[in-house]
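Trainee: I have a new model open. Please show me how to read its features, one at a time.

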Amino acid sequence: MKHIGLVALVALAGCIGEDDEVQQRTLGAAVCDPAAFSFLIGKPVAALDGVLTPEAMRIVEPDSMLTMDHNPERLNVHLDDKGIIREVRCG
């Protein structure tokens, strides 16, 4: 009988981990990981509202002047001329 409770607890813990992964893919990430933000590509810049992003983030519009400093923790969100997200990358 004790083993049944243990199995149920292990199964529950496994489910929690999977939900965390799904939530991270859906809500972004606190660190720069372009894969975590790929769901935004093709959406308007307003889709960033409510998305967990790294503290260092910049929106890059067409023909924007950018500094040459490389910050691997910074998320760069590249927009097209209509405000649609076309690329996300670190740097």
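Mentor: Start with a polar contact, meaning a pair of N or O atoms within 3.5 Å; within protein, one must be able to donate a hydrogen and the other to accept it, and residues adjacent in sequence count only if both atoms are side-chain atoms. Here, a polar atom of the Arg74 side chain lies 2.7 Å from the backbone oxygen of Gly91. Keep in mind that this is a predicted model: local features need pLDDT of at least 70, side-chain atom pairs count only at pLDDT 80 or more, and totals for chains, interfaces and linings use all residues. Residues are numbered from 1 along each chain as its sequence is written, and side-chain values use heavy atoms, with hydrogens and water left out.

Trainee: Is Arg74 buried or exposed?

Mentor: Buried means under 20% relative accessible area, exposed over 50%, and partly exposed in between (1.4 Å probe, protein chains only). Arg74 counts as buried because its relative accessibility is 10%.

Trainee: Which residues is Arg74 in contact with?

Mentor: Contact means heavy atoms within 4.5 Å. Leaving aside neighbours within four places in sequence, Arg74 is in contact with Cys32, Ala56, Met57, Arg58, Thr67, Asp69, Arg89, Cys90 and Gly91.

Trainee: How many helices and strands are there in the protein?

Mentor: Both are DSSP runs, numbered from the N terminus: helices are H or I, at least four residues, and strands are E, at least two. The protein has one helix and three strands. Along the sequence they follow the pattern α-β-β-β. Arg74 sits in the loop between strand 1 and strand 2.

Trainee: How many disulfides does the count come to?

Mentor: A disulfide is a pair of cysteine sulfur atoms within 2.5 Å. By this rule there is one. It joins Cys32 to Cys90, S to S 2.0 Å. The pair links distant parts of the chain, 58 residues apart: Cys32 is in the loop between helix 1 (2-27) and strand 1, and Cys90 is in strand 3. The angle about the S-S bond is -110°, and the link of Cys32 and Cys90 is left-handed. Cys32 counts as buried at 17% relative accessibility, while Cys90 is partly exposed at 24%.

Trainee: Which residues make up the largest nonpolar core?

Mentor: A nonpolar core is a set of buried Ala, Val, Leu, Ile, Met, Phe, Trp, Tyr and Cys residues joined through side-chain atoms within 4.5 Å. The largest one has twelve residues: Ala29, Cys32, Ala36, Phe37, Leu40, Leu48, Val51, Leu75, Val77, Leu79, Ile85 and Val88. Strand 2 (75-79) and strand 3 (85-90) each supply at least two residues of this core. Strand 2 gives the largest share, three residues. Take Leu75: not counting residues up to four places away in sequence, Leu75 touches Cys32, Phe37, Pro54, Ala56, Met57, Arg58, Val88 and Arg89.

Trainee: Where does Lys82 lie?

Mentor: Lys82 is in the loop between strand 2 and strand 3. Lys82 counts as exposed, at 71% relative accessibility. Lys82 and Glu61 are 21 residues apart in sequence and 9.4 Å apart in space, C-alpha to C-alpha.

Trainee: What share of the protein do buried residues make up?

Mentor: Buried residues are 25% of the 91 residues.
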